[in-house]
Amino acid sequence: MKTKMARNLPTQIVISLGNQIVSGQVAPGSVITSDVLEAQFGVSRTVVREALKVLHDKGLTRARTKTGTIVLERHEWNLLDPDVIYWLQASGLGRELVRDLEEVRASYEPWVARIAAKRRGSKDISALTNSLKKMTDAFYQEGPQSDTIGEADAAFHQALLDATQNELMKRIGKLFIPLLKIRDDMVRHVVDDGDYLIQHQAVLDAIIEEDADLAESAMKVLLSHAIQASTDARKKTPRK
């Protein structure tokens with residue numbers, strides 16, 4: 001039991017410091033020293049060093065010789081890291097990041113749909129169809145607030161990326177999936193009419209028919225409504 005807890009100690013420090021940095025409790029430019037962390041968490045220097053390395057890899061901190069570890073400005077953070085995204089959401093600071101996501105998707109995902117329509121295979125159609133069915137079933141059986149809807153939506157867009165048969169496009173698009181899940185959580189309370197199911201179906205139909213122009217157009221319609229839903233959600237969600 002002691003060994004298992006010891007393995008978890010670096011993670012506990014990462015979560016604690018990560019939340020404090022992202023929320024602004026520990027401001028950019030602040031110096032974090034190993035001695036203070038050892039005393040605060042009651043751990044060894046090895047544990048502290050491991051935790052600080054994780055924070056460094058997430059772009060939150062940088063080590064400076066003879067100074068300690070410096071907290072970096074937000075523009076240096078890895079904003080596509082799932083943990084950083086989660087901490088931003090938890091602190092109420094993820095709203096603008098979702099806005100940025102929608103703007104990137106508007107210029108990126110219609111092209112994804114276009115290529116998917118040209119290259120999709122039978123397995124891709126099955127994955128897209130199953131994801132949309134799961135989304136639809138959840139909406140009507142569990143209600144518009146169902147967590148399953150967001151999970152199925154993320155799976156649909158992942159299947160769309162897979163259908164492009166483009167490794168770079170899949171790698172880039174995969175970075176957006178954690179943000180997409182957060183976006184779905186944010187807009188769920190303002191979207192309850194199910195129109196997005198029809199919009200996803202239009203994208204799927206175009207891809208099945210291998211109609212690249214129609215797939216691109218259908219995705220633009222879907223994203224236009226998604227952007228409006230995100231805008232409405234940000235207006236109704238109070239800042240922390």
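The legends below describe close-up views of a predicted model.

**View 1. Domain layout of the predicted model.** The domain assignment gives domain 1 as residues 8-76 and domain 2 as residues 94-236. Their C-alpha centres lie 36 Å apart.

View 2. Two aromatic pairs are found in a search of the whole structure. In one of them, the ring centres of Phe139 and Tyr140 are 5.0 Å apart with the planes at 85°, so this pair is edge-to-face. Phe139 has a relative accessibility of 10% and counts as buried, whereas Tyr140 is exposed, with a relative accessible area of 61%. The rings of Phe139 and Tyr196 also form a pair, with centres 6.1 Å apart and planes at 85°; because this angle is over 60 degrees, the pair is edge-to-face. Phe139 belongs to helix H6 (residues 122-142) and Tyr196 to helix H10 (residues 195-208), so their pair ties together parts that are 57 residues apart in sequence. Both Phe139 and Tyr196 are buried. Through these ring pairs, Phe139, Tyr140 and Tyr196 are linked into a cluster.

**View 3. Helix H7, residues 147-163.** Helix H7 has 17 residues and spans 25 Å from its first C-alpha to its last, close to the 24 Å expected at 1.5 Å a residue. The helix is mostly covered, with 12 of its 17 residues buried.

View 4. At the start of H7, a side-chain oxygen of Ser146 comes within 3.1 Å of the backbone nitrogen of Thr148. After H7 comes Gln165, with a positive phi near 60°.

**View 5. The largest cavity and its lining.** The count comes to one cavity of 30 Å³ or more. The largest cavity has a volume of about 110 Å³. The lining consists of Arg105, Tyr108, Glu109, Val112, His157, Leu161, Gly173, Phe176, Ile177 and Leu180. Helices H5 (95-119), H7 and H9 (177-187) each supply at least two of the lining residues. The most comes from H5, which gives four residues.

Conventions:
Residues numbered from 1 in each chain as written. Predicted model: local features only at pLDDT ≥ 70, side-chain atom pairs only at ≥ 80, totals over all residues. Heavy atoms only, no water. Phe/Tyr/Trp six-rings, centres within 6.5 Å; stacked < 30°, edge-to-face > 60°. Buried < 20%, exposed > 50% of the residue type's maximum accessible area, 1.4 Å probe, protein only. Expected span 1.5 Å × (residues − 1). Polar contact = N/O pair within 3.5 Å; in protein donor to acceptor, adjacent residues only side chain to side chain. Domains from an automatic or database assignment. 1 Å grid on protein atoms, 1.4 Å probe; cavity = no way out; pocket = protein on both sides within 12 Å on 5 of 7 lines; lining within 4 Å. Points joined across faces, edges and corners; volume = space filled by probe spheres on them.
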